[in-house]
Amino acid sequence: MGNCCSDEVGHGAGRHSVGPAASVAEAASAAADRFLRSRGAGASTQIELSLSASILGDQEYFSKSNPMVIVYSKSNDGALEEIGRTEVILNSLNPSWTAKINLQYQFEVLQPLVFQIFDIDPQFHDVSEKMLKLEEQQFLGEAICNLSEVITKQNRLLTLKLGVSEHNLPNPSKSGELTVEAEESAGSKALMEMVFHCSDLEIKDLLSKSDPFLLISRISENGTPVPICKTEVRKNDLNPKWKPVILNLQQIGSKENPLIIECFNFSSNGKHDLVGKIVKSVAELENMYHSQDGENFFVPASTAHDCHSKEVLKSQVFVEKYLENNRHTFLDYISAGCQMNLMVAIDYTASNGNPRLPDSLHYIDPSGRPNAYQRVILEIGDVLQYYDPAKRFPSWGYGARPIDGPVSHCFNLNGSTYQPEVEGIQGIMSAYISALRNVSLAGPTLFGPLISTATEIASQSLTNNQQKYFILLIVTDGVVTDFQETIDAIIKASDFPLSIVVVGVGGADFKEMEFLDPNKGGRLESSTGRVASRDVIQFAPMKDVHGAGISVVQSLLAEIPGQFMTYMRTRETQAIS
């Protein structure tokens, strides 16, 4: 999805959303938040895994093995959940299975996979693979990897050594290798781009015009709406035209499947009013484009006697543009060698408290329990490190006074004068702790120098024609004081291969930081009147809860592929023009 954005608040009941309609709107709100925050714009796609093995250990005395693979996902607590099984291949030590293992790729989370190979006893060859009891079969070997390790390889092909785990094998030295190949669903490449505009929207605000946005949902098999995309908010506009909406065939299933397109009036308190909606398939939306006819919005009638009745409004929605094409996907760029490079900036201002005291946000617990800063770095670093083969991460501190020096708002954590990079995620952690011993916490909190430094690195990479995209992680315990300088730096950064993730830690009131979040409906404008060429930044405090097991960090990372794709498509358009 391109230019589809989500906000953190829900859709409350408006004037037309009463009774059953209100609960439907609120449910759609919660579902939209969970779905869009947990999946992100273009972050989730269907993957098919093809499996083959070589030099399997031969546990049969009179014939070769009859291998089958079972694939599991592994949760944080170590529990295994079966994803799928291959067929059984008879009498082979070098099998290539034809059955595909289907799973959903999500950029924002680690997805550990466990592959176990079993030799199926001949007496069970007439039993369906799904019905086979594994405790009755001979274990041949096991391999473990993260899905991101597969999809970041060129050709998306990874070969793993098979281990024997805790199983006792007659000849454990001959366990062999397993090759995993990932292929993206064809439906994720078939894209439909549409531009919507509306006319004569109803005024919902008392003192101003409405602030409308669209929510697009598909209808599941059981009839419930599943949100798949949101537009941006158009401020104070009764005849809005939104940025292009890009959907893929995988999201909608078929061009004939109905979609629910709802228009809401944005409210900063989270109580969005339903302006109206239509139900149309993509095929019907295409016809609307060709005919240039508008479709009247409707709302559920306010009567409680007939929940299926509706009130047709004078407000209309039009399809101004409709275009179908096949485009490169996020995973296409990754498997072609484009790297995602993490950069980290840590807040060393005095408001964090004395690092030697347990109530400090920078306190290093002797038990090894990570503090808030360490948790954020570990959670984001664990995901992003697989997209950077070199695993060398620029790492800075800000808001501190180095020994015998003035306050610095961008200093290298490793103590080097010129080189900010450290080796691996543990290198970041070590440099972070070392800096705590070598600087004096001070202030104020400035983001402008950090973002400008990161932008310069991204600019230099672009000049050198490197296939790199950068993610700057800023962890802070307070509100920035250089608002305009930060905005100017963000707007400049939007022209370069860079995204900015800001995470607030501690108990501060981060309300003033919401200006950083484009999903709140605001627009950043530089001191010269320029606006950002695309969305590049998002902010959330760690104390926010997103539900459904989705962490704040995951919800922020989920935005990255959409920002990446917007940048790449902008560059392609510029190259063509």
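# Exercises on a predicted model

In this predicted model, 4 strands form an open sheet in the order E3-E2-E5-E6, with antiparallel pairing.

## Exercise 1. The open sheet

Solution. 
- Step 1. Read the ends of the order.
- Step 2. From one strand to the next, the twist averages 25 degrees.
- Step 3. Met68 stands opposite Phe118 in E5.

## Exercise 2. The surroundings of Tyr387

Task: locate Tyr387, decide whether Tyr387 is buried or exposed, and list what Tyr387 touches.

Solution. 
- Step 1. Locate the residue. Tyr387 is found in the loop between helix H6 (372–384) and strand E18 (392–398).
- Step 2. Apply the cut-off. Buried means under 20% relative accessible area. Tyr387 has a relative accessible area of 3%, so Tyr387 is buried.
- Step 3. List the contacts. Leaving out residues up to four places away in sequence, Tyr387 touches Tyr105, Phe107, Ser148, Ile151, Thr152, Ile334, Gln339 and Met340.
- Step 4. Take one of these contacts further. Tyr387 and Ile334 are 53 residues apart along the chain, and their C-alpha atoms are separated by 7.9 Å.

## Exercise 3. Aromatic pairs

Solution. 
- Step 1. Start from the count. The structure has 14 aromatic pairs.
- Step 2. Classify the pair of Phe107 and Tyr387. Planes under 30 degrees apart count as stacked, over 60 as edge-to-face and the rest as tilted.
- Step 3. Phe107 lies in the loop between strand E4 (101–106) and E5, while Tyr387 lies in the loop between H6 and E18; the pair links distant parts of the chain, 280 residues apart.
- Step 4. Check burial. Phe107 has 0% relative accessibility and therefore counts as buried.
- Step 5. Turn to Phe510 and Phe539.
- Step 6. Phe510 is in the loop between strand E24 (498–504) and strand E25 (537–541) and Phe539 is in strand E25, so the pair ties together parts that are 29 residues apart in sequence.
- Step 7. Check burial again. Phe510 is buried, with a relative accessible area of 4%, and Phe539 counts as buried at 3% relative accessibility.
- Step 8. Look for a larger grouping. Ring pairs link Phe107, Phe330, Tyr333, Tyr387, Tyr469, Phe564 and Tyr567 into a cluster.

## Exercise 4. Salt bridges

Task: describe the salt bridges of Arg85 with Glu82, Glu184 with Arg156 and Lys255 with Glu324.

Solution. 
- Step 1. Take the total. The structure holds 16 salt bridges.
- Step 2. Examine Arg85 and Glu82. Their side chains meet in a salt bridge at 2.7 Å, N to O. Arg85 is buried at a relative accessible area of 18%, whereas Glu82 is partly exposed at 36%.
- Step 3. Examine Glu184 and Arg156. In this salt bridge the closest N and O atoms are 3.7 Å apart. Glu184 lies in strand E8 (residues 177–184) and Arg156 in the loop between helix H2 (147–151) and strand E7 (157–161), so the pair ties together parts that are 28 residues apart in sequence. Both Glu184 and Arg156 are buried.
- Step 4. Examine Lys255 and Glu324. The closest N and O atoms of this salt bridge are 2.5 Å apart. Because Lys255 lies in the loop between helix H3 (249–252) and strand E13 (258–265) and Glu324 in strand E16 (residues 310–326), the pair ties together parts that are 69 residues apart in sequence. Lys255 counts as partly exposed at 21% relative accessibility, and Glu324 is partly exposed with a relative accessible area of 41%.
- Step 5. Look for a network. Salt bridges link Arg156, Glu184, Lys189 and Asp332.

Conventions: Residues are numbered from 1 along each chain as its sequence is written. This is a predicted model: local features need pLDDT of at least 70, side-chain atom pairs count only at pLDDT 80 or more; totals for chains, interfaces and linings use all residues. Side-chain values use heavy atoms; hydrogens and water are left out. Two strands pair if DSSP finds at least two bridges between them. Helices (H or I, at least four residues) and strands (E, at least two) are DSSP runs, numbered from the N terminus. Axes are lines fitted to C-alpha atoms, for helices over the stretch in contact, and angles run from 0 to 180 degrees between N-to-C directions. Buried means under 20% relative accessible area, exposed over 50%, partly exposed in between (1.4 Å probe, protein chains only). Contact means heavy atoms within 4.5 Å. A salt bridge is a side-chain nitrogen of Lys or Arg within 4 Å of a carboxyl oxygen of Asp or Glu. Rings of Phe, Tyr and Trp (its six-membered ring) pair if their centres lie within 6.5 Å; planes under 30 degrees apart count as stacked, over 60 as edge-to-face and the rest as tilted.
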